[in-house]
Amino acid sequence: MSTASKGATPGFLVWRLSMKWRVAVDRAVAPLGLTHAQYSLVASLYGMQRSGLRPSQRHLADHTGLEALYVSKLARALESAGLVERTRDPRDPRAVQLALTEQGREVTRRAIKVVHGLLEQLLEPLGGLDSARAREFSRDLVTLLDTPLAPVPASEHEKEQS
């Protein structure tokens, strides 16, 4: 355990791990012209398209946990790079559907391989990606992600500040 992690709260450790992962993915996909956030979008879109879906920006935002406005910004940048097509949803003219272009699918396939290699490295201390410990870790993460957080009431926040 690193000295920075001794006595750390679970929240701090989750934050540190997410930052370590974000930086590693950013560096790994940069040669492909992607950022970590763009990778999250195109990899999710790739999986959805393989399942026969053509998701809206809103659906993709809900899936990735990114803000809808940020997904819109990322999608426009990916469209400019020739990786994504944005079209109006024929069932809802306010909605924008996203699809990977052929170039987008190729770049995404390459990025997925790179990130999968990183995931293997990250989970090696738990016995690797297919180990029982890694599966348990994934279940624990899903449990935490699926648990809604109640907002802190303003009165509680004011008490802390006084």
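A nonpolar core is a set of buried Ala, Val, Leu, Ile, Met, Phe, Trp, Tyr and Cys residues joined through side-chain atoms within 4.5 Å; buried means under 20% relative accessible area, exposed over 50%, and partly exposed in between (1.4 Å probe, protein chains only). Welcome to a predicted model, where local features need pLDDT of at least 70 and side-chain atom pairs count only at pLDDT 80 or more, while totals for chains, interfaces and linings use all residues. Numbering runs from 1 along each chain as its sequence is written, and side-chain values use heavy atoms, without hydrogens or water.

**The core**
- The largest nonpolar core has 25 residues, and those with the most contacts inside it include Val29, Leu34, Tyr39 and Leu60.
- At least two residues of this core come from each of H1 (10-29), H2 (36-50), H3 (57-64), H4 (68-80), E2 and H5 (102-123); helices (H or I, at least four residues) and strands (E, at least two) are DSSP runs, numbered from the N terminus.
- H2 gives the most to this core, with seven residues.
- Beyond its neighbours within four places in sequence, Leu60 is in contact (heavy atoms within 4.5 Å) with Leu41, Ser44, Leu45, Met48, Val71 and Leu98.

**The strand pair**
- E1 (residues 84-89) and E2 (residues 92-100) pair in the antiparallel sense over six bridges; pairing requires that DSSP finds at least two bridges between the strands.
- A hairpin of two residues joins E1 to E2, and Glu85 has Ala99 as its bridge partner in E2.

**Around Leu53**
- Leu53 sits in the loop between H2 and H3 and counts as partly exposed because its relative accessibility is 41%.
- Leaving aside neighbours within four places in sequence, Leu53 is in contact with Met48 and His59.
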